[in-house]
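Here is a friendly walk through one protein chain, with the working definitions set out along the way. Please take a look at the model first.

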Amino acid sequence: MGLFVKITRRYSVASSFSLLVVRSYLGLILNAAVICLGRQFAASRGRLVETTSTPSVCGRSFTWLLVRVLAGFGCVILEYYAMGRLPLSTSSVILYSSPVFVVLWAAILLGQPLRIPDLVCMMACVAGMTLEISPWESQDSGKASGYLAILASAVLAALVCVSLRALRDVPYYTVLNTFFLGSLSLSAARGCGAAFHELHFPSWHDAAWVNWALVAVFAYAAEVCMTCGFARAGDRAGSVSVWKFLCPVFSMLWGALFLGEGVTWSSICGSTLILASSLTSLSLQARSVSHGQDICAAAGHNADRLDGLRR
């Protein structure tokens, strides 16, 4: 997706809002097609499954869906903005520092304490970002705004991960439909894209639409995989998140092969620090969850033994 966003913005007039409008519109169409195919597959197997695209959602799930829409919208808009000003590998690496910020969101929203290892990971991540950005080198205003945008996008991506954990009992197609509808409405709203005059689209016969469509297709595939992966992972979401760290590796590869982007030693060192600290943070989160589950299981076992002795 990131590769085709860079190609689209290089060869056509495309803003973050217009790209998100096309991505959300095509995402709704693709999601409807997947739901229909799911119904037909279930019918051919003689199974009855609930594939209603808008089941009733209320209470806490509705609040988390709203968080998912707003955080996801801000994350994508800022990510696309930064991609127009930064190399693909740089924006991807900084974006994938989001697991470090999951700890902060957990402390703010869930009241989880910040431990010393978490703080060490955050400090290592900050050091890696410093090497990646290299503020001692001359930076133009465009790159500076790009760095701020991708950092804010990483913070919002962490909030998206927290919301997906909370929405694990909500069907993935409901989460996706809500996100696509919300993003489409916000992007085209008078208070956002239309107000900034940022809704620019190529003519209908322009070949640039191929790249625009590929952005939407790959973005939809990524959203489905991420939503289903976190939903199936449950309390092991931290362990599943580790696999997402292949994305910066592929971003560096695509940037070098197709965009002619070079890689410096400071960038390599910064990327290593960012990814290592984020992976360590994820491992600590997964270990904490596993330890908590073991304690609960032991407590339940002891309670059963005491109950048996009483009987």
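Contact here means heavy atoms within 4.5 Å. Helices (H or I, at least four residues) and strands (E, at least two) are DSSP runs, numbered from the N terminus. This is a predicted model, in which local features need pLDDT of at least 70 and side-chain atom pairs count only at pLDDT 80 or more, while totals for chains, interfaces and linings use all residues. Residues are numbered from 1 along each chain as its sequence is written, and side-chain values use heavy atoms, with hydrogens and water left out.

**The chain as a whole**

- The chain holds 12 helices and 0 strands, so to speak an α-α-α-α-α-α-α-α-α-α-α-α run from the N terminus on.
- Buried residues make up 42% of the 311 residues in the chain, where buried means under 20% relative accessible area, exposed over 50% and partly exposed in between (1.4 Å probe, protein chains only).
- Of the contacts between residues at least 6 apart in sequence, 84% join residues at least 24 apart.

- The unreviewed UniProt entry annotates "transmembrane region" over residues 20-42, 62-81, 93-110, 146-167, 209-230 and 242-259; positions are given in the numbering used here, feature names are shortened, and annotations may be inferred rather than shown by experiment.
- In the model, residues 62-81 are 100% helix and 0% strand, and the end C-alpha atoms of this span lie 29 Å apart.
- Residues 146-167 are 95% helix and 0% strand, with 31 Å between the end C-alpha atoms.

**Helix α4 and its two partners**

- How many residues of α4 are buried? The count is 8 of the 8, so α4 is largely enclosed by the rest of the structure.
- Those buried residues are L88, S89, T90, S91, S92, V93, I94 and L95.
- Helix α4 (residues 88-95) packs against helix α11 (residues 246-258) at an angle of about 175 degrees, with the axes 8 Å apart. Axes are lines fitted to C-alpha atoms, for helices over the stretch in contact, and angles run from 0 to 180 degrees between N-to-C directions.
- That angle makes α4 roughly antiparallel to α11, because angles over 145 degrees count as roughly antiparallel, under 35 as roughly parallel, 65 to 115 as roughly perpendicular and the rest as oblique.
- On the α4 side the contact is made by L88, S89, S92 and V93, and on the α11 side by C247, P248, S251, M252, W254 and G255.
- By class, this contact of α4 with α11 has 6 nonpolar, 4 polar and no charged residues. Ala, Val, Leu, Ile, Met, Phe, Trp, Tyr, Cys and Pro count as nonpolar, Asp, Glu, Lys and Arg as charged, and the others, Gly among them, as polar.
- The axes of α4 and helix α6 (residues 116-133) come within 11 Å and cross at roughly 170 degrees, and α4 and α6 are therefore roughly antiparallel to each other.
- Here T90, V93 and I94 of α4 meet M129, E132 and I133 of α6, a contact with 4 nonpolar, 1 polar and 1 charged residues.

**S251, on the α11 side**

- S251 sits in helix α11 and is buried, with a relative accessible area of 7%.
- Not counting residues up to four places away in sequence, S251 touches L88, S89 and S92.
- The side chains of S251 and S92 are joined by a polar contact of 3.1 Å. A polar contact is a pair of N or O atoms within 3.5 Å; within protein, one must be able to donate a hydrogen and the other to accept it, and residues adjacent in sequence count only if both atoms are side-chain atoms.

- The side chain of E223 makes polar contacts with the side chain of R23 at 2.8 Å and with the side chain of R68 at 2.7 Å.
- Beyond four places in sequence, E223 touches R23, R68, L176 and F179.
- E223 and F179 are 44 residues apart along the chain, with 9.9 Å between their C-alpha atoms.

**Two partly exposed residues**

- L181 lies in helix α8 (residues 172-188) and counts as partly exposed at 45% relative accessibility.
- L181 is 160 residues from V21 in sequence, yet 9.7 Å away in space, C-alpha to C-alpha.
- Q112, in the loop between α5 (98-109) and α6, counts as partly exposed at 43% relative accessibility.
- Leaving aside neighbours within four places in sequence, Q112 is in contact with A106 and A107.
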